[in-house]
Amino acid sequence: MKKLKVLAATTALGALLVTPALADVSTEIYYNGELLNTTQPVVNVDGRVLLAFRDLFENLDGQVSWSDEFRMASVTYGKNTINLFPDTGAVQINGVPQSLAVGPQIINDRVYLPLRFVAQSLGGTVDYTKGDNDTGIINIHTIDSVQNYAQKEGNVTKILRTTNAVKNSVQPTKETNAAYQQWQGQHSVYLLDDHDNLVEVQSYDDKIQVNVIDWNRAEVSSKTYNAGTLYPALTSITQDGKTYRIGINESAFTRYAGVGSPAGSSYETILEDTEMGDLTLYAGRDNQTVFQFDASADSSVGVTTANTTGKVLDLSQRFGNAKNNTYVMTADGTYGFLMDGHLLIVDQDNDVKADVILTRNANDGQIFAVGNQFAVVMVDTDLRYPEIYATVYNADGSVKQYFHNISNITKVSDGETFYEYNSLKIQDMKLYNNTVYILAKTDMDYYLVKYDVRTNTSSKEMLSIKEKTYSNFIYTRDGVKLFSVDDDYFYLRDVD
C-alpha cells in the first residue's frame, strides 16, 4: 500500500452517529479506494468519530508500539512520529503538543483516536456515506490518490495545491521598493491550457516560473525563465486564439486611453466639440514586455516584446485622470473609447461615429469588441441600489441596444429575499465568444452575471456563502471559469 505524503489539509465531517456509543451497524473504512481490514468497531464520543489506533495504522504499514512505562501509544509514519496518551487525552506530533476537542482514549482495551485528527495529521480528506442496509462507509483519500488530487463536487472542481515558487531572495532597497510593492500583489496568475491542465505562472526575484498541473495524472511540471527585470509584476492577461500573453510590469497611464503612449510629439488630429470638449488623437505605440504561453503546446514560449501600434486619445484636456478608461478595436479597425461613462467611436479615417455620455455616474466600466460591434458594461451608481448596465453600438455609430439594466439584483422571485446594499463593485469581467461574464459584489453578497451581447439577454445568480472567496475568472479551452486559491487548494467553478 502506498505511503501517505504528509500535507496540510482540512476536512469537514459531521457526526456520523447520533449518540456516543458503539456503532449498531457495520462500518467499512476505505483508504484511497482500498477496504481496510479492521477488527474493532467505529465509536462515537460526543459527536466525534473514533477509530482503533492499531487497527488503522497497521493497515497503513505504520510502525506501531505501546509503552507500559509511559502509558503511551506511538506510530512512526514517514518522517512523523505521533504519540498518544490515552489516560490524559494528550497528543504529540514530533514532540509538539496538539489541541484536540476529544483526545485519544482506551475503549474495550483498545486505544482509539478521532477520525478528524487522522485526517488533519496525515494529510487526508475524509467523507462519510451510507451503503446498503445502512452500512457506514468512511473514505480516507490522500495526495497519492488521483481521485483526491482533483475532486468534482457539483459545479466546483477542487484541486490539491502542491506548487510553490521559490521565495524571493533579493531584499527590496529604497530604489526597488516600488517595484517590490507592485510585485507583492501581482506575482501569480492562472489559466487553463489546451490540455485542460491548470497553469500557474509565478514571478520571484528576476525569474518567472511556470507550473503545469496535470490533475488527471497527479503530476506537476515546472520551468523557469529569466524575466530580465527585478521583481517582475504579472498584470493583464490577453488571449489570442490559444495563445496567452501576460503583461509584465505594465504601467497604468490614466491620462491616455488607447495603445500605449503617443509615438513622438505629432498627433493625428484634434477631435473638436465632443461631449467632453476637444480631445487630441495621437498615433500610439506600445512596446510591452509579455510572457507568452502557447496553450496548444507542451512548453512556454517565454518572455518576449509585443510591438503594437494604434490610436491614443489624450484625456488630459477635460478628464485629467479618468477613473475608468478602456479602449478596444473592432474587426474593421474602428476604435471605441470608454471614459468615465463617455463613449466615443472613431473610425479609421478619424471621423467620430458616436459621441455620447451614457451616464455621469459610472464605475468599473469596460468596453468589449464583438465582431463589428461595441459592448459597454459598467456600474451606474446614480440609483438607490446600484445596478450593472450595458449598451451595444455598431461600428458605424448606430445603436443596437440602448443603455439598460442587466444585473437586476433588486428584482427577486417569489420566495426569495432581497438584501439591501449600498455599493456594487465589479470584481472581474471576461468576454468569451458573445458573452460577458461578470463577478460582482455588493456590501455582503457576490453575484455571477452573464450578458449575451448578440441576443441581448442576461441572467444573475447569487453565489453561496462558501463561494465568496472567488476573485476572478480564468480562461479555459472552451470558456471561462470562476477561480480562487488558498494555501491548500485551487478552486474552479463552472459558470455555464
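**Close-up A. Aspartate 196 takes a positive phi near 70° in the hairpin of E16 and E17.** The hairpin leaves 5 residues between its two strands. The structure is a predicted model, in which local features need pLDDT of at least 70 and side-chain atom pairs count only at pLDDT 80 or more, while totals for chains, interfaces and linings use all residues. Residues are numbered from 1 along each chain as its sequence is written, and side-chain values use heavy atoms, with hydrogens and water left out. Strands (E, at least two residues) and helices (H or I, at least four) are DSSP runs numbered from the N terminus. E16 covers residues 188–192 and pairs with E17 in the antiparallel sense over 5 bridges, where pairing requires that DSSP find at least two bridges between the strands. Within this pairing, tyrosine 190 stands opposite glutamate 200 in E17.

**Close-up B. Strand E17, residues 198–204, is mostly covered.** Of its 7 residues, 7 are buried, the term meaning under 20% relative accessible area, with exposed set at over 50% and partly exposed in between (1.4 Å probe, protein chains only). In a regular strand, side chains alternate between the two faces of the sheet. Here Leu198, Glu200, Gln202 and Tyr204 point one way, whereas Val199, Val201 and Ser203 point the other way. The residues pointing in both directions are all buried.

**Close-up C. Strands E17 and E18 form a hairpin with 2 residues between them.** The two strands pair in the antiparallel sense over 7 bridges, E18 spanning residues 207–214. Tyrosine 204 stands opposite lysine 207 in E18. In the turn, aspartate 205 takes a positive phi near 45°.

**Close-up D. Val201, Val210, Phe291 and Phe473 touch the most other members of the largest nonpolar core.** This core holds 29 residues; a nonpolar core is a set of buried Ala, Val, Leu, Ile, Met, Phe, Trp, Tyr and Cys residues joined through side-chain atoms within 4.5 Å. Valine 210 touches Val199, Glu200, Val201, Ser221, Ser222, Lys223, Tyr225, Phe291, Phe293 and Ser300, when residues up to four places away in sequence are not counted. In soluble globular proteins, nonpolar side chains tend to be buried together.

**Close-up E. Aspartate 87 and arginine 71 form a salt bridge, with 2.9 Å between the closest N and O atoms.** The pair joins distant parts of the chain, 16 residues apart: aspartate 87 lies in the loop between strands E7 (80–85) and E8 (90–93), and arginine 71 in the loop between strands E5 (63–67) and E6 (72–77). Arginine 71 counts as partly exposed, because its relative accessibility is 34%. A salt bridge is a side-chain nitrogen of Lys or Arg within 4 Å of a carboxyl oxygen of Asp or Glu, and by this rule the count comes to 13.

**Close-up F. Arginine 493 forms a salt bridge with glutamate 461, the closest N and O atoms being 2.5 Å apart.** This pair links distant parts of the chain, 32 residues apart, with glutamate 461 in strand E37 (residues 457–462) and arginine 493 in strand E40 (residues 489–494). Glutamate 461 is partly exposed at 34% relative accessible area, whereas arginine 493 is buried at 2%. The side chain of arginine 493 also meets that of glutamate 467 in a salt bridge (2.5 Å, N to O). Glutamate 467 belongs to the loop between E37 and strand E38 (472–476), 26 residues from arginine 493. With a relative accessible area of 9%, glutamate 467 is buried.

**Close-up G. Strands E24 and E25 form a hairpin with 5 residues between them.** E24 (residues 277–294) and E25 pair in the antiparallel sense over 14 bridges. The bridge partner of threonine 289 in E25 is threonine 305. E25, which runs over residues 300–314, also pairs in the antiparallel sense with strand E22 (residues 256–258) over 3 bridges. There, tyrosine 256 stands opposite aspartate 314.

**Close-up H. Threonine 243 lies in strand E21, residues 243–248.** Threonine 243 counts as buried, because its relative accessibility is 17%. Leaving aside neighbours within four places in sequence, threonine 243 is in contact with Thr238, Gln292, Phe293 and Asp294, contact meaning heavy atoms within 4.5 Å.
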